[in-house]
Amino acid sequence: MKHKLVYIISLTTLWLALAVSAGAADMVVIVNNGNTNSVDQGIVKKIYTGKMKSWSDGGSVKALDLPETSPVRETFSSSVLGKSVSNIKSLWAQMIFSGKATPPKVVGSDDEVKKIVATDKNAIGYIAASSLDGSVKAVLK
Amino acid sequence: MKAKKEFKKWFCGILGAVLLTAVAGLPKGAFALDIGGVEIHGYGHQGFLVSNENEYLDAGDDGTWNYTSMAIVFSSKVTDNTTIWIQLYGADEIGLDWTFVDYRFNNNLSVQLGQVKLPMGFYNETRDARFLQLSTLLPAMYRTEAELIHEAYRGIRAIYDLELGGAGSIIFEPIGGQLLDESMGHKQGQMFGGRITYQAPLEGLSLAGASTFSKIEKRSMQIEMPYGTGPGTVTVTTPMSKKGEMKMWYAGVDYVNYGLDLKTEYVWMKMFDETHSAYYAQAGYTFFDKLTPFVRYDYNSTDDDQSSDPSYYQKCASVGVGYKINYNVSLKAEYHISDGYAMPVASGEVSAGAGEDNWNMFVASMNFIF
């Protein structure tokens, strides 16, 4: 009876762990291949919380977001920005309604993000790791 | 007056239609409308209020639905460094809430010129966007009738963000211009001041201090006179001219992280020889990114020399809960238990000496942003 209970608990734990890891999508932060600015997590965080609007070479940052419902955005928000999507949205709303900054442009898919980043030297975005190809440069995984 | 009401009705109708169209037209998960390079955002609320004793904000014991406001914010980047901002706002009065040109020199320094929201306290610049606040009824210091923190001014604001490496950052916001005075009988002169905010290395912790100094001319005076033989008074307005100064000091601490939302703020104002003050402490916690109960204690005095008279002070304990239906819509319900009725007197709905000392209010609202 005792062994059965341990077996059930172990299976449930394993199932939960798999479910959580299946929900968390691997993602990469990408920039244009011609972007030579150094980009680390601190810089990405500043860009996506409205504190940094220009690259170090002077170009105006064009940040891109995936839709709120995207699991890749959830992963990006929690692992890179350290906050939930809801908290980040509230932060941007405060900046909008006090006239301080406008939020990153929301685009519909990884392909759209790649397309914009590949053609705009100042663009930055994030996509699922599985969508990465040579058209863009990965700067943070 | 009738024409103004008609205009308000039309304005709110048009604003509502634009907002509904905007929200309905949003692609799934998008945050704003972008039309020809102009980004459009907005917010609003519809509230219901009921008061068991003193009439306040149009609410008596029958309750009122007349607690509505809506706003649309337009922003357009005209160059990489220059953005034009406009906010239209409709509530009791309708019109241009703020509009300014923002020029960014670099990541740390920008300047705003135009009609700008007053950087005073943690709420002031977003106080009308109830979706972003813990409560529908804001702390007394932020309410227009308290005449403490002005909403906006015309002039200039610089924003300088000084990075301190591992020690956080300090944001300096010096301002200069002329306050927009919502109250009757005052003419505002030149104003200067500013806000300093320290963002501590402990994420979510901010400490702020602010101050404004302005010249002011009082052009009329309100005198309260006994009304018949009863306990009430009647207010009579007489013209006058008196020049003086208005000084305001503010301090606040804010911690928002891990679902916690803790705030305490204090403001003190001296206008001519009269002093006003207010403070509050508030705590909320968000469960599952959706449900946020909160508690608050709020004190406000509209005349510190008469702060033992319940007509001039109000102590209020509040408890409430907010629920986010999704990223754009929320519901809130709250209960406010007050001792003193300074706010109903300040709003002109109750005469000094004629109110009930102990009274309660229930407030519910639906709020949205996009």
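**View 1. B:V38 lies in strand β2 of chain B.** Strands, like the helices named further on, are DSSP runs numbered from the N terminus, with at least two residues (E) for a strand and at least four (H or I) for a helix. This is a predicted model, in which local features need pLDDT of at least 70 and side-chain atom pairs count only at pLDDT 80 or more, while totals for chains, interfaces and linings use all residues. Residues are numbered from 1 along each chain as its sequence is written, and chains are lettered from A and ligands numbered from 1 in the order in which they are written. B:V38 counts as partly exposed because it has 14 C-beta neighbours inside 10 Å; a residue is buried with 20 or more other C-beta atoms within 10 Å of its own, exposed with 12 or fewer, and partly exposed in between, the C-beta atoms being placed from the backbone. Leaving aside neighbours within four places in sequence, B:V38 is in contact with B:F74 and B:S76, where contact means that the C-beta atoms, placed from the backbone, lie within 7 Å. B:P239 stands 201 residues from B:V38 along the chain, and the C-alpha atoms of the two are separated by 46 Å.

**View 2. The side of chain B that touches chain A involves 26 residues of chain B, in contact with 21 residues of chain A.** The elements of chain B that give two or more residues to this side are β2 (38-51), β3 (64-77) and β5 (94-104), and β5(B) gives the most, with 4 residues. By type, the residues on this side of chain B divide into 12 nonpolar, 6 polar and 8 charged, where Ala, Val, Leu, Ile, Met, Phe, Trp, Tyr, Cys and Pro count as nonpolar, Asp, Glu, Lys and Arg as charged, and the others, Gly among them, as polar. Chain B as a whole has 2 helices and 17 strands, and 38% of its 370 residues count as buried.

**View 3. The largest nonpolar core has 48 residues, and B:M141 and B:V267 have the most contacts inside it.** Such a core is a set of buried Ala, Val, Leu, Ile, Met, Phe, Trp, Tyr and Cys residues joined through C-beta atoms within 7 Å. Helix α2 of chain B (residues 342-346) supplies the largest share of this core, 4 residues. Not counting residues up to four places away in sequence, B:M141 touches B:A146, B:L148, B:I149, B:E265, B:V267, B:A278 and B:N300. A second, separate core has 24 residues, including A:I30, A:V106, A:I124 and A:V136.

View 4. Strand β1 of chain A (residues 27-31) runs antiparallel to β5(A) and is joined to it by 3 bridges, with A:V31 opposite A:K137. Along the sequence, chain A follows the pattern α-β-α-β-α-α-β-α-β-β.

**View 5. Helix α3 of chain A (residues 71-81) has as its buried residues A:V72, A:R73, A:F76 and A:S77.** They cover an arc of only 135 degrees around the axis, which puts them on the same side of α3(A), the arc being that of the directions from the helix axis to the C-beta atoms. The buried residues of α3(A) pack against β1, β2 (62-65), α4 (85-97) and β4 (123-128) of chain A. Just after α3(A), A:G82 takes a positive phi of about 75 degrees.

**View 6. A:L66 is found in the loop between β2 and α3 of chain A.** This residue is buried, with 26 other C-beta atoms within 10 Å. Not counting residues up to four places away in sequence, A:L66 touches A:V72, A:R73 and A:V113. The C-alpha atoms of A:L66 and A:V80, 14 residues apart along the chain, are separated by 14 Å.

**View 7. Residues 16-23 of chain A have pLDDT that stays under 50.** For this stretch the model has 1 contact beyond four places in sequence. The mean pLDDT of chain A is 87, and 82% of its residues reach 70 or more, pLDDT being the predictor's confidence in each residue, from 0 to 100. Where pLDDT is low, the predicted coordinates should not be read in detail.

Conventions. Contact = placed C-beta atoms within 7 Å. Pairing = 2+ DSSP bridges.
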